[in-house]
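User: I would like to learn how to read surface patches, pockets and cavities in a protein model. Could we work through an example together?

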Amino acid sequence: MEQMYNVSSNPHIRDKMTTSRIMQLVVIALLPTTLFGIWNFGVHALLVVLATVASSVFFEWLYDRLMHKKNTTTDFSAVVTGLLLALNMPPQIPIWMPILGSAFAIIVVKQLFGGLGQNFMNPALAGRCFLMISFAGKMTNFAVSKSSHAVVDAVTQATPLAALKSQGFIEGTSIPVKNLFLGNIQGTIGETSALAILIGAVILLAFKIIDLKVPLTYIGSFAVFVIFYMLGTGKGFDVNYLLSHIFGGGLMLGAWFMATDYVTTPITPKGQLVYGCCLGIVTAVFRLFGGSAEGVSYAIIFCNLLVPLIEKVTKPVAFGKGGKK
């Protein structure tokens, strides 16, 4: 033969965007909310971010070293996991707790199931839920230092969602939606400013790292559920209450940065729509009827477990099959 051809398995067409490049862009997109969280909550928040990211990279390197595997820290996935975990931490949490959470996220949830691409749930959220179960008091303590710019309740130290939960649905309930959007409130390091999160979301969309299907169906189905809840109480529609739930808590951060995780999101277009609707409904149920004011982390993890079933149901019919006989 005059010309030799290379024969390989599919896929035969590959995108030039590498895994490390995708992860680097995610880190860049997370910078607005990270920097705002540090400005909002002070030096300790910076220490939490640095310690969590560094420990996540270290635990990934250590596992690879002990298991004699190729070093995977250069793909930046551990950096993303550590940064997302840090952004889900209360600003004054003891440093050793998120370090423990990063060990659980990287070693137990990610590496023991095969590494990047094999984990069955979002590692950062798994680490957060692990800490929530183990140290509920510290994980729900949102007291901040005097240097913080957040608008706080000096007595209860309650987040806006917690205050909303304790009041119940009262038409005209006073929740500072402007502060919720801009970020002058209590909460975890990275969830307070919806504006900063949306700036990061625009970066992800501009570089085509994510699309709109999952975030919009997530937020949209959640909003529809809350509206029906309001109407069902007989109090009527209250836009302030609705916006408080949309901008408050971890909904925006979860919808744009964690529900869109490639590994734990359906690959079928219909499946992504179903997944987003499930996220919205489950989050609303947890928030409105559960014992906790928040529900995003548990909702995403629960729906991560449904992804194989969703993909099975929404799998497109192969060409040439499924027609009338």
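User: Which residues make the nonpolar surface patch?

Analyst: Please note that this model is predicted. The patch is made by Ile 133, Ile 281, Val 285, Phe 286, Phe 289 and Tyr 298, and covers about 560 Å². Its largest share, four residues, comes from helix α13, residues 269–289.

User: What is the volume of the largest pocket, and which residues are closest to its centre?

Analyst: A pocket is open, whereas a cavity is a space that the probe cannot leave. The largest pocket here has a volume of about 600 Å³. It is lined by 28 residues, and the closest to its centre are Ile 22, Met 23, Asp 261, Tyr 262 and Val 263. Helices α1, α3, α5 and α12 each give two or more residues to this lining. By class, the lining holds 17 nonpolar, seven polar and four charged residues.

User: How many cavities of 30 Å³ or more does a search of the whole structure find?

Analyst: The search finds two. The largest cavity has a volume of about 40 Å³, and its lining has three nonpolar, six polar and one charged residues. The second largest cavity has a volume of about 30 Å³, with a lining of one nonpolar, three polar and three charged residues.

Technical notes: Residues numbered from 1 in each chain as written. Predicted model: local features only at pLDDT ≥ 70, side-chain atom pairs only at ≥ 80, totals over all residues. Heavy atoms only, no water. Patch = residues over 30% accessible without salt bridge, like charges linked within 9 Å, V, L, I, M, F, W, Y side chains within 5 Å. Areas by Shrake-Rupley, 256 points an atom, 1.4 Å probe, with all protein chains shown as cover. Salt bridge = Lys/Arg side-chain N within 4 Å of Asp/Glu carboxyl O. 1 Å grid on protein atoms, 1.4 Å probe; cavity = no way out; pocket = protein on both sides within 12 Å on 5 of 7 lines; lining within 4 Å. Points joined across faces, edges and corners; volume = space filled by probe spheres on them. Nonpolar A, V, L, I, M, F, W, Y, C, P; charged D, E, K, R; others polar.
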